Amino acid sequence: MIGSIDSQLQARLDTLCDEGWELWSRFDMEVRQETWHPFVAADYLLVQEALVQLREPGLRFLELGSATGVITIMADLLGYEASGIELDADLVKIARELADRSKSQARFVNGSFLPTDFRLREGEDPRLGTIGEATSAYPELGRTLDQFDVVFGFPWDGEESTMLELMRTWGSSEARLLLHSVARGVEVFRGGRLQK
Ligand SMILES: C[S@@+](CC[C@H](N)C(=O)[O-])C[C@H]1O[C@@H](n2cnc3c(N)ncnc32)[C@H](O)[C@@H]1O
């Protein structure tokens, strides 16, 4: 058991993660063996530990690139008001189905987590790397990035700075940005600074 999670909730989270790993294996075999795709699954247990530490009633959670929806649903089950934005419409469908099976209220919107007026600052590397471009999802979500308290992203190597820039310019200075990486696990940033 992690933190103050009761056994019933822990069982739901375990089922969710088990299903998440099955979905990931299927996706890896059916899609990623055929063509390159930016979806790689996070370490769900590490993310769960971070979400448990930060949870408070009424916090709004947003996942940048929510793929199969596991982390957004996890946040919902932990009591956050949780939303995920994902570029790939097929993954959004999978996430919504997983939310239904998990009896979760998590919301998923298809589109880009980049705001309509997103521009990298002059002098910055203009490449977005694996971050794709599409219509911004915030209008459909009915919220702007600065209305979220906890924002999660699993950027590819070298794209962390884009997510930090996104939060610095469009996010709330009080919000926590959770960045997951294979090398460093889950790091928490606030106001652009790494929290100890
Ligand atoms: C490295 S995967 C992380 C998936 C999931 N967050 C996790 O941690 O398991 C990145 C995801 O972001 C999505 N993505 C890439 N660019 C995006 C954009 N501009 N807006 C929304 N989703 C995007 C990809 O399709 C992919 O599913």
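Start by selecting Pro 38, Phe 39, Gly 65, Phe 154 and Trp 156: of the 38 residues lining the largest pocket, these lie nearest its centre. Keep in mind that you're looking at a predicted model. The space you've landed in has a volume of about 630 Å³.

What is the lining made of, by class? You'll find 23 nonpolar, 10 polar and five charged residues there.

Next stop: the second largest pocket, with about 150 Å³ of space. Select α2 (44-54) and β6 (185-190), which each give at least two residues to its lining. The largest share, five residues, comes from α2.

Time to go inside. Pick Leu 51, Phe 61, Leu 78 and Tyr 80, the residues with the most contacts within the largest nonpolar core, which has 40 residues. Elements giving two or more residues to this core include α1 (7-32), α4 (89-101) and β4 (150-153), and α1 provides the largest share, seven residues.

Zoom in on Leu 51. Which residues is Leu 51 in contact with, leaving aside its neighbours within four places in sequence? Show Phe 61, Ile 71, Met 74, Ala 75, Leu 78, Tyr 80, Val 150 and Leu 178.

Last stop: select Val 109, Phe 113, Leu 128 and Met 167, which are among the 24 residues of another core, lying apart from the largest one.

Terms used:
Residues numbered from 1 in each chain as written. Predicted model: local features only at pLDDT ≥ 70, side-chain atom pairs only at ≥ 80, totals over all residues. Heavy atoms only, no water. 1 Å grid on protein atoms, 1.4 Å probe; cavity = no way out; pocket = protein on both sides within 12 Å on 5 of 7 lines; lining within 4 Å. Points joined across faces, edges and corners; volume = space filled by probe spheres on them. Nonpolar A, V, L, I, M, F, W, Y, C, P; charged D, E, K, R; others polar. Helix = DSSP H or I, 4+ residues; strand = E, 2+ residues; numbered from the N terminus. Core = buried A, V, L, I, M, F, W, Y, C linked by side-chain atoms within 4.5 Å. Buried < 20%, exposed > 50% of the residue type's maximum accessible area, 1.4 Å probe, protein only. Contact = heavy atoms within 4.5 Å.
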